[in-house]
Amino acid sequence: MKLPRQFFAPLAIGAPAPLRDLPVRLERMIHFVPPHNDKVRSKVADLAGQVDVLLGNLEDAVPVDSKLDARRGFIELAKSVEFKSTGLWTRVNALNSPWALDDITEVVGAVGNRVDVIMLPKVDGPWDIHYLDQLLAQLEARHHLKKPILIHAILETAQGVNNVEAIATASPRMHGMSLGPADLAASRAMKTTRVGGGHPDYKVLADAQGGSLRDASQQDLWHYTIAKMVDACAAAGIKPFYGPFGDFSDQAGCEAQFRNAFLMGCVGAWSLHPSQIDIAKTVFSPDPAEVAFARRIVEAMPDGAGAVMIDGKMQDDATWKQAKVLLDLAKLVAAKDPEAGKRYGL
């Protein structure tokens, strides 16, 4: 057992000290790009100004014969593009793959000083995080990195869901977690081929009323897992994210799924297609009317103590905390998007 006082100690001589707190950054969407695709890679400089996080994907959706090209392509774009306030991440291949070790060692060795987060797929338990944690410390020391690279886990196996609390607290490098619905569905033997979103056959029926047609309501396949992930992340002080929504043609469905995740506590989602960037921007930015009401609560209760009535509704310390969540997010959005700041009156 690692003692609490050792939790924030560097795991290699010469490695940078782990962060005590996560950087305060806007991360409404993690936009995936395939670095082995020259056409897509040529657009990264423009995309970097449109998204909060840009991720070079080395894993799923990259053909086996393009794995090395994807790794080289990511290193090239990391060196050539100025990302400024946009986060730069990469998703490496799973630890049980033949590419993972080289993904990690080559990326950190070449552009580790520019990479903010490594996304690790198919995390089964804290042991996967411990391995990557130690390896990153050794590589940071070897290559004289000044800041630690954070780890983001994808929750996409039944074992990972079962161990979600232990994963969340496995290392001070933990940035957050994302739901990986496709692989999770396979791991659970769920009967769906959809990547995220609902399923028309997952529903409840209204009570029978004689011979009349019964109303049906489609339910959310991922509600339980998202809620469990959000609780684990909130307790550990890290960030929960919804993952991919695979039907690019269903923008309304994508928006609904993202909004459910946002309301439950997720801070962002993956965007796999440029059409999903604006959806994520809209959904994971607070509504101006909600921000205006939150500001009224805080102005009426500057110290968060006591209780007041606003528009006939009681507000107390609990709603003051809720209002602070909305206002803090609105300030982050306004710093990135001046037009949004005007809508918020900030």
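Colleague: What covers the buried residues of helix H12?

Modeller: The cover includes strand E11 (308–310), strand E12 (313–315), helix H13 (317–336) and helix H14 (338–344). Helices (H or I, at least four residues) and strands (E, at least two) are DSSP runs numbered from the N terminus. This is a predicted model, in which local features need pLDDT of at least 70 and side-chain atom pairs pLDDT 80 or more, while totals for chains, interfaces and linings use all residues. Residues are numbered from 1 along each chain as its sequence is written, and side-chain values use heavy atoms, with hydrogens and water left out.

Colleague: Which residues of H12 are buried, and what puts them on the same side?

Modeller: Val291, Ala294, Ile297 and Val298 are buried (under 20% relative accessible area; exposed is over 50%, partly exposed in between, with a 1.4 Å probe and protein chains only). They cover an arc of only 115 degrees around the axis of H12, and therefore lie on the same side. The arc is taken from the directions from the helix axis to the C-beta atoms. Exposed Ala289 and Glu299 sit on the face turned away from the buried side.

Colleague: How do you know that the span of H12 agrees with its number of residues?

Modeller: H12 has 13 residues, 288–300, and should span 18 Å, the expected span being 1.5 Å times one less than the number of residues. The end C-alpha atoms of H12 are 18 Å apart, so the two agree.

Colleague: What caps the N-terminal end of H12?

Modeller: Asp287 does, with a side-chain oxygen 2.9 Å from the backbone nitrogen of Ala289.

Colleague: Which residues of H10 are buried, and why are they said to line one face?

Modeller: In H10 the buried residues are Cys254, Gln257, Phe258, Ala261 and Phe262. Seen down the axis, they fall within an arc of 140 degrees, so they line one face of H10. Ala252 and Leu263, on the other side, are exposed. Among the elements covering the buried residues of H10 are helix H9 (223–236), strand E10 (269–271), helix H11 (275–283) and H13.

Colleague: Why is Lys239 called buried?

Modeller: Its relative accessible area is 15%, so Lys239 counts as buried. Lys239 lies in strand E9 (residues 239–241). The side chains of Lys239 and Glu27 are joined by a polar contact of 2.9 Å.

Colleague: Which residues form one aromatic cluster?

Modeller: Tyr242, Phe258, Phe262 and Phe284 do.

How values were computed: Contact means heavy atoms within 4.5 Å. A polar contact is a pair of N or O atoms within 3.5 Å; within protein, one must be able to donate a hydrogen and the other to accept it, and residues adjacent in sequence count only if both atoms are side-chain atoms. Rings of Phe, Tyr and Trp (its six-membered ring) pair if their centres lie within 6.5 Å; planes under 30 degrees apart count as stacked, over 60 as edge-to-face and the rest as tilted.
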